[in-house]
Amino acid sequence: GDPIDYEHMTVSLRPGMKIERDAMLKKLINMQYSRNELDFKRGTFRAKGDIVEIFPSDYGESAIRVEFWGDEVEKISEINPLTGKTVASRNHIMIFPNSHYVTTSDKMEHAITTIEEEMKQQVEYFKSQGKLIEAQRIEERTNFDIEMMKETGFCQGIENYSRHISGREPGSAPYTLFDYFPKDFLLLIDESHAIIPQVRAMYNGDRARKESLVKYGFRLPSAFDNRPLKFEEFEQRINQVVFVSATPAEYEKEHSKDNIVEQIIRPTGLLDPEIEVKPIENQIDD
């Protein structure tokens, strides 16, 4: 998803902050959190009176309790989600969306419109080819997904509509974690002799699988744009990189040029044991 939309959908809370309890609950729902009073797990929240407990999707073993006094945040605590006991007090908490595909209501409405237009074009194409089963399949599946997005802002497989949601052009590169990093980030590729060929092959492998889904009416053609980066796109997003490999390939050697460091010792810091070669004649003393 678009990192700008993702940032705008975050919630920042501090004691003394003015915010209505119901407004915060609505914000959590828009961030794809679900209310669940019984099964309290990551990506859910529960509310009892002026107390709201949230289990952020990016947290480890702790949840967050927000206590209100009217329309003001009175106290923020980190709690054990099982026992409810307070672990620590917090002066600030950032709650991130439960999905990378969250977006504003305006963008979602526009996305639904463009999805419907693409669906109609694909249905007409299948009918013109005499593929009535495929036409019915893509129409039913897409209409179901649209209804889910209208009601809940989410549907299973929503990533296949990511181009519509983010407003990207057909064929353009998708947003990736690289877009969330600062410009001067450092990338370390461990076992680069194996990872680099995998990155090269990811796009073609994904494309081959999607072609069958689109051909038989399981997905719209825009699903092709929910894809891994092409290798040249991957290279364009790398600012500075360290290749780590015991057997570097030509790609790593070529791009590293003279900036190569050889590590003689084991990564654990242990030296190789000494090896003694002894004659096998007669009895060996050991």
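A search of the whole structure, a predicted model, finds eleven aromatic pairs. Rings of Phe, Tyr and Trp (its six-membered ring) count as a pair if their centres lie within 6.5 Å. Planes under 30 degrees apart are called stacked, those over 60 edge-to-face, and the rest tilted. A pair of aromatic rings is thus described by the distance of the centres and the angle of the planes.

Helices (H or I, at least four residues) and strands (E, at least two) are DSSP runs, numbered from the N terminus. Y6 is buried, at 14% relative accessible area. Y180 is partly exposed, at 28%. Buried means under 20% relative accessible area, exposed over 50%, and partly exposed in between (1.4 Å probe, protein chains only).

Y125 and F126 make a tilted pair. Their centres are 5.7 Å apart, with 50 degrees between the planes. Y125 is partly exposed, with a relative accessible area of 40%. F126 is buried, with 1%. One aromatic cluster comprises F178, F181, F185, F231, F234, F243 and Y251.

Charges also sit over rings. The criterion is NZ of Lys or CZ of Arg within 6 Å of the ring centre and within 35 degrees of the ring normal. R137 lies over the face of F218, 4.4 Å from the ring centre. The charged end of R207 is placed over the ring of F224, at 3.8 Å from its centre.

D225 is found in the loop between α6 (192–215) and α7 (231–236). D225 is buried, because its relative accessibility is 8%. Its contacts (heavy atoms within 4.5 Å) are S162, R163, R168, P170, G171, S172 and P174, leaving out residues up to four places away in sequence.

The protein chain is divided into domain 1 (8–95) and domain 2 (105–236), with bounds from an automatic or database domain assignment. The C-alpha centres of the two domains lie 33 Å apart.

Residues are numbered from 1 along each chain as its sequence is written, and side-chain values use heavy atoms, without hydrogens or water. In this predicted model, local features need pLDDT of at least 70 and side-chain atom pairs count only at pLDDT 80 or more, while totals for chains, interfaces and linings use all residues.
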